[in-house]
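Subject: Handover of a structure and notes on its helices

Dear colleague,

Please find below the sequence and structure that I am handing over to you. My notes follow directly after it, and I would be grateful if you read them with the structure open.

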Amino acid sequence: MRDVREWMASLVGFVKRRRDPVVVQTLRSAAAATIAYVIALRLSPEAAPLTAPLTALLVVQVTLYATLTNGVRRVNAVVAGVLVAIAFSLLVGLTWWSLGLLILASLGVGHLVKVNEYVPEVAISAMLVLGVTTVGDTAWARVLETLIGAAVGLGCNLLFAPPVWVDEAGESIEGLARRVRQLMLSMGEEAAGRTPVEHATERLHEARRLDHDIVEVDAALQQAEDSLRLNPRVREGLLHRVVLRTGLDTLEICTVVLRVLARTLTDLAKERESERLFARQAGAAVEQLLSEIADAVVSFAVLVTTDVSRSAESAEERLASQLRHAAATRDKLAQLLLEEVQRDARQWQLHGAVLTEVNRILDELDTEHRTRRLLEELDRTSQEQRERMPRLTRLQERLRRNRPALARRSR
């Protein structure tokens with residue numbers, strides 16, 4: 001009975017991870033490689049046509065867009081390598097010096113045909129083909145197996161559309177926002193009292209480590225953007241991509257400003273080792289302000305990652321309310337710091353820097369600023385797409401114009 005429960009728990013855990021990139025990639029790649037090998041056994045003259053499953057294994061990616069682009073580049077790389085090998089076999093054969101020339105020529109051809117990361121594959125294909133005795137038969141068999149593997153890899157993602165990774169990217173963005181919030185709360189608590197330089201320096205290091213988090217979130221977002229391209233299950237993919245990308249850009253700017261703010265507070269702690277960073281009332285206002293901005297950062301991330309209109313409106317209203325409260329607290333803090341500078345003008349530059357950095361974060365999170373930036377980015381991206389693919393753009397516009405007529409005919 002215990003074994004059954006453990007097995008059921010393992011099954012439930014697997015089902016929960018069914019959308020995990022590693023699980024999806026493993027299952028898709030294994031299935032594609034096996035199918036490609038079975039087909040190649042029937043069509044290829046080779047006894048063990050391993051090039052087909054190898055190609056399928058390398059072609060299949062998590063997203064349909066990546067599969068298409070990698071499939072085309074890999075086929076080009078292998079075919080180019082085979083052609084180079086055939087030319088060398090007819091001219092010089094295999095020697096130590098011809099092998100060196102073959103590698104040089106293959107790498108050069110790989111750059112010419114623009115296969116990007118598959119440039120070494122051109123040389124690998126050429127060496128494998130040149131190293132056998134019956135060059136002609138093996139060469140064309142390798143081309144056939146490559147085409148089989150690429151076709152199976154493309155077919156797997158065309159028939160079984162890969163998942164859309166928007167939810168995972170959204171979770172990454174929200175996770176980054178919550179880490180920013182936690183750091184802001186810690187900085188606010190320390191700013192309200194007497195902060196040792198060591199503690200302020202540690203907050204600065206934490207702010208710098210956010211750069212690594214942004215790199216990870218950017219990778220998740222790139223995967224989500226690829227999954228939205230050419231995916232038949234996605235409508236308004238461009239809008240999703242632009243909303244997520246501009247949202248991450250805003251959070252990245254906020255982390256940069258937060259790092260500058262941490263630097264300012266560290267410098268202030270060095271100047272006032274035996275004193276409070278701010279007067280008691282001003283310190284309490286700083287703590288309250290950073291707490292309100294921290295909540296607004298999380299609300300902004302929720303707004304960016306929410307695709308349901310009613311939930312998005314609720315998130316936008318919550319963010320606007322939090323920003324209004326933060327602006328009021330900012331004005332109160334400005335007045336308190338002005339009074340403190342009038343009593344003691346030491347480090348007035350640092351006090352002014354704190355207000356400047358806080359204002360920058362509030363401006364970046366402002367809903368009107370975001371709407372304006374989002375529209376500008378949509379216009380820019382749409383224009384680039386029209387210039388890059390004019391025929392596809394004209395076809396889409398023609399279909400959009402003919403859609404009402406087709407609907408009337410169907411009725």
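Predicted model: local features only at pLDDT ≥ 70, side-chain atom pairs only at ≥ 80, totals over all residues.

**Helix 5 and helix 6**

The axis of helix 5 (residues 96-112) comes within 8 Å of the axis of helix 6 (residues 119-130), and the two cross at roughly 140°. An angle over 145 degrees would count as roughly antiparallel, and helix 5 and helix 6 are therefore described as oblique to each other. Their crossing is right-handed. On the side of helix 5, the contact is made by Leu99, Leu102, Ile103, Ser106, Leu107, Gly110 and His111. Helix 6 contributes Val119, Pro120, Val122, Ala123, Ala126, Met127 and Leu130. By class, the residues of this contact comprise 11 nonpolar, 3 polar and no charged.

Lys114 is located in the loop between these two helices, helix 5 and helix 6. Its phi is near 55°, a positive value in a residue other than glycine. With a relative accessibility of 64%, Lys114 counts as exposed.

Glu121, by contrast, belongs to helix 6 and counts as buried, at 8% relative accessibility. Apart from its neighbours within four places in sequence, Glu121 is in contact with Arg74, Ala77, Val78 and Arg142.

**The chain as a whole**

The chain contains 15 helices and 0 strands. Of its 411 residues, 44% are buried. Among contacts between residues at least 6 apart in sequence, 78% join residues that are at least 24 apart.

In soluble globular proteins, nonpolar side chains tend to be buried together. The largest nonpolar core in this model has 65 residues, and Phe278 and Ile293 touch the most other members of it. Two or more residues of this core come from each of the following elements: helix 8 (166-191), helix 9 (197-228), helix 10 (237-271), helix 11 (280-305), helix 12 (309-343) and helix 13 (348-365). Helix 11 supplies the largest share, 15 residues.

What does Ile293 touch, leaving aside its neighbours within four places in sequence? The residues in contact with Ile293 are Met184, Ala326, Val358, Ile361, Leu362 and Leu365. There is also a second, separate core of 11 residues, which includes Ala85, Ala126, Val129 and Val143. Of these, Ala126 also takes part in the contact between helix 5 and helix 6.

**Helix 11 and helix 13**

The crossing of helix 11 with helix 13 is left-handed.

- Gly153 lies in helix 7 (residues 135-159). At 0% relative accessibility, Gly153 counts as buried. Gly153 is 98 residues from Thr55 in sequence, with 8.0 Å between their C-alpha atoms.
- Asp213 is part of helix 9. Its relative accessible area is 17%, and buried means under 20%, so Asp213 is buried. Beyond its neighbours within four places in sequence, Asp213 is in contact with Leu176 and Arg179.
- Lys270 is placed in helix 10. Is Lys270 buried, exposed or partly exposed? At 43% relative accessibility, Lys270 counts as partly exposed. Leaving aside neighbours within four places in sequence, Lys270 is in contact with Val197 and Arg263. Lys270 and Ala200 are 70 residues apart in sequence, and their C-alpha atoms are 9.1 Å apart in space.

With kind regards

Terms used. Residues numbered from 1 in each chain as written. Heavy atoms only, no water. Core = buried A, V, L, I, M, F, W, Y, C linked by side-chain atoms within 4.5 Å. Buried < 20%, exposed > 50% of the residue type's maximum accessible area, 1.4 Å probe, protein only. Helix = DSSP H or I, 4+ residues; strand = E, 2+ residues; numbered from the N terminus. Contact = heavy atoms within 4.5 Å. Axes fitted to C-alpha atoms, helices over the stretch in contact; angles between N-to-C directions. Parallel < 35°, antiparallel > 145°, perpendicular 65-115°, else oblique. Left-handed = near helix turned anticlockwise from the far one by under 90°. Nonpolar A, V, L, I, M, F, W, Y, C, P; charged D, E, K, R; others polar.
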